[in-house]
Each structure stands twice: as structure tokens, then as C-alpha cells.
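Work through the exercises below with the model open. Try each task before reading its solution.

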Amino acid sequence: MKSKVQEVARLAYECVVQVKDKDFASKYLSYARKLPSMITHNGLLVTVAFAKAKKEQAWRTLLEHIESFLRKEGIKKDQKDLIEFLSDCEVQEYRLITKRVLYFSNWLKRIAEGEIRDEGKGN
């Protein structure tokens with residue numbers, strides 16, 4: 001039996017390992033570092049909209065990882081777009097989702113910093 005912390009850390013690790021040898025890994029690392037503060041300062045929905053607008057593989061992958069986390073947590077069960085899903089949530093549900101995604105994004109950041117070599121290419 002695993003704790004919730006172990007499960008979240010394991011998922012974050014699996015997500016980071018998927019990208020660590022990709023050509024966009026350095027950008028992924030850079031964006032994973034920014035993600036928790038962007039969510040804190042701008043809100044989850046604004047951050048997701050910003051990431052989606054960037055149309056970069058590293059951002060797309062981060063959004064896929066967030067969506068994968070929400071599915072694994074049993075929070076997102078439908079096939080709606082992430083923006084549509086977040087927009088349809090009630091305020092309390094949205095706050096809870098933001099808190100959970102912030103927790104997961106901190107794990108992504110920590111593990112990416114340990115697993116991906118920083119080549120200074122990210123913005």
C-alpha cells in the first residue's frame with residue numbers, strides 16, 4: 001500500500017522520465033520550474049490558457065501531465081478540454097483542483113530539477 005504522497009511523486013516521476021531524453025526537455029524543466037508560481041499568482045485557469053496559447057511541445061506536455069494527474073486522482077473523468085472542464089467547475093471544486101494541481105506541479109518541478117539536465121535553453 002502506498003501513501004498519497006508516494007502516488008503523486010510516482011506519477012510526477014513517470015511524467016518527467018517520459019520527457020527527460022526529448023529535445024524539449026530543457027524547456028520542460030524551465031516551464032516546470034515556473035508552473036507552481038504561475039498557478040499561485042495567476043490562477044490555474046489562466047495558467048492553463050497561457051500554456052495552451054504558447055503552442056510549444058514542452059507546454060503541451062506539461063498540460064498533458066496535469067490532465068493525467070487529474071484523471072488519476074479521479075477528478076477529471078470526461079473528455080472535455082481542460083479549459084472547458086475548469087471553466088465548468090463550481091468555485092469550491094475549482095479551489096480544490098487548483099490546490100491539488102499546485103501540489104502536483106511542485107512535485108513535477110522537484111523531480112524535473114533532479115532528472116533533467118539544465119542546458120539553459122529554456123525561457
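**Exercise 1.** In this predicted model, classify how H2 and H4 are oriented to each other.

*Solution.* Start with the axes. Those of helix H2 (residues 25-42) and H4 come within 9 Å. They cross at roughly 55°. Now apply the cut-offs: under 35 degrees is roughly parallel, and 65 to 115 is roughly perpendicular. Finish with the hand: the crossing of H2 and H4 is right-handed.

**Exercise 2.** Is Thr-61 buried or exposed?

*Solution.* Locate Thr-61 in helix H4, which spans residues 57-72. Its relative accessible area is 5%. The cut-off for buried is under 20%, so Thr-61 is buried. Then check its contacts. Leaving aside neighbours within four places in sequence, Thr-61 touches Val-19, Phe-24 and Tyr-28.

**Exercise 3.** How many disulfides does the whole structure hold?

*Solution.* Take the sulfur of Cys-15. The closest cysteine sulfur, in Cys-89, is 20 Å away. A disulfide needs the sulfur atoms within 2.5 Å, so this pair is too far apart for a bond. Cys-89 is in no disulfide. The search of the whole structure finds zero.

Definitions and conventions: Residues numbered from 1 in each chain as written. Predicted model: local features only at pLDDT ≥ 70, side-chain atom pairs only at ≥ 80, totals over all residues. Heavy atoms only, no water. Helix = DSSP H or I, 4+ residues; strand = E, 2+ residues; numbered from the N terminus. Buried < 20%, exposed > 50% of the residue type's maximum accessible area, 1.4 Å probe, protein only. Contact = heavy atoms within 4.5 Å. Axes fitted to C-alpha atoms, helices over the stretch in contact; angles between N-to-C directions. Parallel < 35°, antiparallel > 145°, perpendicular 65-115°, else oblique. Left-handed = near helix turned anticlockwise from the far one by under 90°.
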